[in-house]
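Reader: Before I use this model, I would like to know on what grounds each label attached to it rests. Please take the terms as they come up.

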Amino acid sequence: MIPSIHKQGSSTLGLLHYLYGRGTHEEHVDPHLVASFDHMAPDPGRDPSATKKDLQQLLDQPLHLLDVDQRPEKHVWHCSVRAAPDDPILTDEQWADISRRIVAATGIDPGDGAGCRWAAIRHADDHIHIIATLIREDGRRPDHHRSGKRAQAEARLIEADYGLHRVTPGDGTAAKRTTSAERHKAERQGRGRAAREELRETVRRAVAGAASTDEFLDRLRDAGLLVRTKVLPSGDVKGYKVALPNDRNKDKEPIYYAGSTLAPDLSLPRIQERFATGSTPPETARSERPERPTAPSAPAAARRTAAHAAWAALLVLDHSGDDGAAAAQIAATCEILDALARTAALHTRSELHQAAREFERASRSHTRAEFRHAQDLRRAARDLVYSGPALGRGEDGAGTAMVLDILVFFAIAAAHWHAQRQHAQQAEAASRAAAHLRAAYQQAAAEPLAALRERGRRIAPSLRRHHASTLRAALPELADSVLAEPGWDALAATLADTERAGHSPRALLAEAAARRELDTAESISDILVWRLRRTANLPAYALAPETTWVHRPNDQLTVAHQLPTLSTPHAPRR
């Protein structure tokens, strides 16, 4: 159940006309009164002799206790209370009880016999509107300070008492909700989303990996947004506003939104915090770094760099006691997701968009992110943006699967990190993002893993036994489970590639398992494939090499041609 406190108004009658009207899309059905301050208020919805003017005069009567110059201009209090989509349809009596509890909790009518006059009106199955006049019967103002938080707290109790869907309590860091007027406008204009939502996502993508204020603003303009900036006398940019070219008011003027109104972390000062590294001032850092990479990475190389950065960030999240550093890893990983969604192949694009939108909520909390700890992730996001669109096959597709494999674990770890700190909404958002990332991973990994499995099935039985023995020696407790998985064939091919490249498969297996637990994974073999290929710097997508293998009686392998490894910057062994 979600109560929403709307802006205070100056016209009781005007709001009543809306509540008892048909609605902007004729969505209001059977508007009627369900409760009021005295249980006797006239109901213009079902009583033919009652009028909206009658109800307005009754509600506004306490205003006359004050001199005209003492009456508040904004005297109309308005709260809507909406049930969750999966809640049962409540009766009028139940909504009446809920409305009384809300006005008591918010201080509108605390039950002292002299509260404000109010009425609760229902014009749909799933919600009510409460209207009140902000003058008590004794002529004093009500104590409705922080009424939104008080209404939310009472809603949690109502959910428990009525067995309704339990809404996760917020902490004030969520982005501003899209209003019904904004949604209806988008529908009229044939847009899939409201302007606020579209702008928020476009701005967030422009932030991903940006190294300076100028680059960020250029990206906004390149994305087709109208941009206004506020410049100080020194020439420094203080703030910005953005608008969609086709989103205009009644005077045909663009409707601009300040970054801070899109989301708390999209104000310019908060964005500029991401540019600073260590003690280097943002402007100095900008002058030392090119605005565009001189030689953009290929999509596959950019994804491998992102995989290394994401793995390092995961270890920080798991083991660091520095909350500011951990929060920075989470926020910068959101940039990675935005960049991946922007450059994704068609078959993974939808799930990645959804993952980025969900994880956006997980990237903000009251823990301040110290971005100097997350510059590797931000550089990786930058590489992804400038590497261009990825193909859905070959090394591009396999590289996407490799980084998504890590990001699934990262989202799960982020959910756990937030839950430990009672960040309930962020924990839920990270869990939802993990589900979308897992779906995107399955789409991306299907083709490269199928190719590896086919290679693994072609390995000679004696070599398969050799690799199985290596697995048992390195991971004795997990070996039987891995050998029974369909993915064992792909892991056998990867172990062969690892050995061919001059590494010790046993050592790398032990290292891969020691870095992070594996026994809760859906497919241990698949995870080991990607960890080994990343750690050994092997191609993510491995076609059958033109290599002759000779198996000696003493189990030593002779290689005729060695599989090449990749040379990738920022790719330390982890």
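Reader: How many helices and strands does the protein chain have?

Author: The protein chain has 21 helices and 10 strands, where helices (H or I, at least four residues) and strands (E, at least two) are DSSP runs, numbered from the N terminus. This is a predicted model, in which local features need pLDDT of at least 70 and side-chain atom pairs count only at pLDDT 80 or more, while totals for chains, interfaces and linings use all residues. Residues are numbered from 1 along each chain as its sequence is written, and side-chain values use heavy atoms, with hydrogens and water left out.

Reader: What is the average pLDDT of the protein chain, and where does pLDDT stay under 50?

Author: On the scale of pLDDT, the predictor's confidence in each residue, from 0 to 100, the protein chain averages 88, and 89% of the residues score at least 70. The value stays under 50 over residues 546–565, for which the model has 41 contacts beyond four places in sequence, and also over residues 567–574, with 20 such contacts; a contact here means heavy atoms within 4.5 Å. Where pLDDT is low, the predicted coordinates should not be read in detail.

Reader: Why does Ala484 count as exposed, and why does Asp30 count as partly exposed?

Author: The classes are set by relative accessible area: buried means under 20%, exposed over 50%, and partly exposed in between, with a 1.4 Å probe and protein chains only. Ala484, in the loop between helix H18 (479–483) and helix H19 (488–500), has 65% relative accessibility and therefore counts as exposed. Asp30, which lies in the loop between helix H1 (12–19) and S2, has 38% and so counts as partly exposed. His39, in the loop between S2 and helix H2 (52–60), counts as exposed at 61%. Asp30 has a positive phi near 50° although it is a residue other than glycine, and for His39, also a residue other than glycine, phi is positive and near 65°.

Reader: What makes strand S4 largely enclosed by the rest of the structure?

Author: Seven of the seven residues of strand S4 (residues 116–122) are buried, so the strand is largely enclosed by the rest of the structure. In a regular strand the side chains alternate between the two faces of the sheet. Here Cys116, Trp118, Ala120 and Arg122 point one way from S4, Arg117, Ala119 and Ile121 point the other way, and all are buried.

Reader: How do you know that S4 pairs with strand S2 (residues 32–36) and is joined to strand S5 (residues 127–136)?

Author: Two strands pair if DSSP finds at least two bridges between them. S2 and S4 have four bridges in the antiparallel sense, with Ala119 in S4 as the bridge partner of Ser36, and six bridges join S4 to S5, which run antiparallel. Arg122 has Ile128 in S5 as its bridge partner, and S4 and S5 form a hairpin with four residues between them.

Reader: Why is one side of S6 and of strand S8 (257–258) left without a neighbour in the sheet?

Author: Three strands form an open sheet in the order S6-S7-S8, with antiparallel pairing. S6 and S8 stand at the edges, each with a single partner strand, so one side of each is left without a neighbour in the sheet. Two bridges join S7 to S8, and Val242 stands opposite Tyr257 in S8. Strand S6 (residues 226–231) and strand S7 (residues 237–243) pair over six bridges, one of which sets Thr229 against Tyr240 in S7.

Reader: What is meant by the largest nonpolar core, and which residues touch the most other members?

Author: A nonpolar core is a set of buried Ala, Val, Leu, Ile, Met, Phe, Trp, Tyr and Cys residues joined through side-chain atoms within 4.5 Å. The largest has 98 residues, of which Ile336, Phe359, Leu404, Leu407, Leu437, Leu491 and Trp530 touch the most other members. Helix H15 (residues 394–420) gives the most to this core, with 15 residues. Leu404 touches Leu340, Leu352, Leu437, Ala440, Tyr441 and Ala444, not counting residues up to four places away in sequence. A second, separate core of 37 residues includes Leu16, Tyr20, Leu33 and Cys116.
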